[in-house]
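Let's take a walk through this model together. Have the sequence and the coordinates open as you read.

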Amino acid sequence: MQLIRRSANRRLRAFGAVLITTLGLTTAVAVTPATAAASACLTGTLAFDHLDAEAGTSKPLRTQVARNANWELWGRTGSGTATRLTAGITGASDGRFTACHTGSLAEAYVRFRSSSTSMWRVVKAANNTTDYTFDSARRTNVSGTLDLGTVKVPSTLQRAWKVVDTLNVLYWKRANPSSSCWTARQSDGRCDQITFVWDPKVADGGYWDYPNTNYVFLGATMPDSKHLILHEAGHWLQWQLYGRGFPVVEGCNPHYIEKHSSESCAWTEGFADAVAAYALGDYRYVYDNGSSYSFENDASTPGWDDGDTVQGRVGSSLLDLWAPGGPDGGNWNRTIALMTRHFSQDFREYFTEDRPAAGLSTTGAAERILAGHTIWY
Ligand SMILES: [Zn+2]
């Protein structure tokens, strides 16, 4: 993919075109050669520091580029006030932005937003659904290309951009072959947007607000864990896969990875746990304080309850079904396709009714995976 993009880039530059990158897909858009009027461009890389819970309880401060994040070029040509001139997203792999206007600018700056196209956003509050913004340094008398270097998200806002960047890893694995939306239930231009509410002054959160706003609410430090972000996104994704439907969940407060809750709780929480681990390519849950809990389990694992009312038993079964070399072909794509057509109230229905309907195995390796996690049907 990278090689194709590089060669396309070279070829297109020769013909005076630019590349527009949309959420990882690269397409070429021809532009008028800049001969009559010079362009004014601000370029750079958007990055943020974050406390890395996935690295352990010390949560080391790490720097990450912010990928597919919205930017706007603001500026003025004369002595008036700055207006929004154009918009785009940072690079899907490198967080770079190239914000250009045809003609020179008396003043120019880049405004960054805590959102990605109209597919996901981080807003300030349930009753103030504006995303966070901040501006780069203002430059005057801009003509030609001015490199702003690495632009850092202000430290007070960095967790908002961590959510924006982290949601990419789920979006890229969403296994929707028919549209740019989160699921194949929707077609291009009619996508539902996932909204996260995060306020650095509000400690409460860590839930998906169904069936009210259907927003995810995160407390102040919760974005430190990518697993937590993606677990909550996983609840929203299941609701989307079911066409804005969701199992009736009971007996779910509280719920623990290794303990009995209920069939419906273990199914929905186990699925959300599996979404986070699958998106990140591991086999655990990480809390926002940096502690983590492995999903490795069998009949002899100390402290674990048995059966399909235990979310860790369900989540680990799903991950093993989707694992490389596993019975589902090495990924979750066939389960995503299944869920787009079949609603499952619990894991038993998913496994015993909906997998056969979708042509997925329930015997042999699949049966042994469940048995290894103390689930027998
Ligand atoms: Zn949950």
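What follows starts at the metal site and then turns to a pocket.

This is a predicted model, in which local features need pLDDT of at least 70, side-chain atom pairs count only at pLDDT 80 or more, and totals for chains, interfaces and linings use all residues. Residues are numbered from 1 along each chain as its sequence is written, and side-chain values use heavy atoms, with hydrogens and water left out.

Begin with the zinc ion, which is coordinated at 2.0 Å by His-231 (NE2), His-235 (NE2) and Glu-269 (OE). Donors here are N, O and S atoms within 2.8 Å of the metal (3.2 Å for Na, K and Ca); water is not among the atoms, so the site may look incomplete. Along the chain, the donors follow the spacing H-x3-H-x33-E. Because His-231 and His-235 are 4 residues apart in helix α3, about one helical turn separates them. Helices are DSSP runs (H or I, at least four residues), numbered from the N terminus.

Now look at the second largest pocket, where 20 residues form the lining; His-231, His-255, Glu-269, Tyr-285 and Tyr-287 lie nearest its centre. A pocket is an open set of points on a 1 Å grid over the protein atoms alone, where a 1.4 Å probe fits, with protein on both sides within 12 Å along at least five of seven lines; lining residues have an atom within 4 Å of a point. Two or more lining residues come from each of α3 (226-241) and α4 (263-280), and α3 gives the most, with 3 residues.
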